[in-house]
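Try each task yourself before you read its solution.

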Amino acid sequence: MRNGYLTVGWWRGAPLRVHWTLPLGALVLGGGNFQPGVLLGFTLLVLAHEVGHALLVRRYRCRVISIDVHALGGVCRWSGDATAIERAKIAWGGVDAQLALFCATVGLLACFGEPESRIPSQIARTFTTINGYMMALNLLPVAPFDGAEAWKLPRLLAARRRARAPALAPKTVTQKAVDERLQELARDPWSGKH
């Protein structure tokens with residue numbers, strides 16, 4: 001155990017680590033009662049969220065350093081040179097994974113009904129109700145939540161579209177001017193006129 005984390009596995013060379021505080025988060029989500037299904041569901045939910053980030057980190061040829069799960073959620077630690085658009089997409093990766101888990105659970109519940117035994121019922125509640133609250137919280141547009149980076153994506157994509165538009169227009173704009181504008185936007189998407 002190092003810094004309170006226990007390595008419980010590996011994901012493509014990166015350690016999967018669980019912090020000793022993880023059961024405390026599940027205890028709070030369980031309304032102050034220890035519920036083993038909530039602990040398991042919360043752990044899997046956070047792990048899915050962080051792996052969602054990790055998949056996009058690797059897609060953009062960056063390196064996943066570790067995937068950590070703790071009482072307040074988790075962290076996908078990574079390094080590399082991602083563009084502003086890629087960083088925003090990586091931020092969306094966690095919520096996308098949660099949404100996929102939510103939809104799959106709702107689909108299973110629609111097909112097979114509510115579980116009758118206690119632990120599967122607790123897991124289903126964690127994957128639906130608690131998951132919904134966690135997605136909403138995580139999309140708040142303030143640090144340290146993913147929303148602080150994720151909500152930049154629409155503006156970045158619009159700026160990229162506007163920068164490319166002159167190249168498609170009948171005006172005489174050189175490709176060099178378009179490339180320079182794209183580089184300027186990559187450095188600071190919030191600057192200048194668009």
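**Exercise 1. Find the volume of the largest pocket and the residues closest to its centre.**

Step 1: The largest pocket has a volume of about 820 Å³. A pocket here is an open set of points on a 1 Å grid over the protein atoms alone, where a 1.4 Å probe fits, with protein on both sides within 12 Å along at least five of seven lines. The volume is the space filled by probe spheres set on those points, joined across faces, edges and corners.

Step 2: Now the lining, meaning residues with an atom within 4 Å of a point. There are 32 such residues, and His49, Gly74, Asn138, Phe145 and Asp146 are the closest to the centre.

Keep in mind that this is a predicted model, where local features need pLDDT of at least 70 and side-chain atom pairs count only at pLDDT 80 or more, while totals for chains, interfaces and linings use all residues. Residues are numbered from 1 along each chain as its sequence is written, and side-chain values use heavy atoms, with hydrogens and water left out.

**Exercise 2. Work out which elements build that lining, and what kinds of residue it holds.**

Step 1: α1 (22-29), α2 (36-59), β4 (73-79), α3 (84-112), α4 (118-138) and α5 (147-150) each give at least two residues. Helices (H or I, at least four residues) and strands (E, at least two) are DSSP runs, numbered from the N terminus.

Step 2: α2 supplies the largest share, six residues.

Step 3: Sort the lining by type and you get 20 nonpolar, eight polar and four charged residues. Asp, Glu, Lys and Arg count as charged; Ala, Val, Leu, Ile, Met, Phe, Trp, Tyr, Cys and Pro as nonpolar; the others, Gly among them, as polar.

**Exercise 3. Step back and describe the chain as a whole.**

Step 1: Count seven helices and four strands, in the order β-β-α-α-β-β-α-α-α-α-α.

Step 2: Along its principal axes, the C-alpha trace spans about 70 × 40 × 25 Å.
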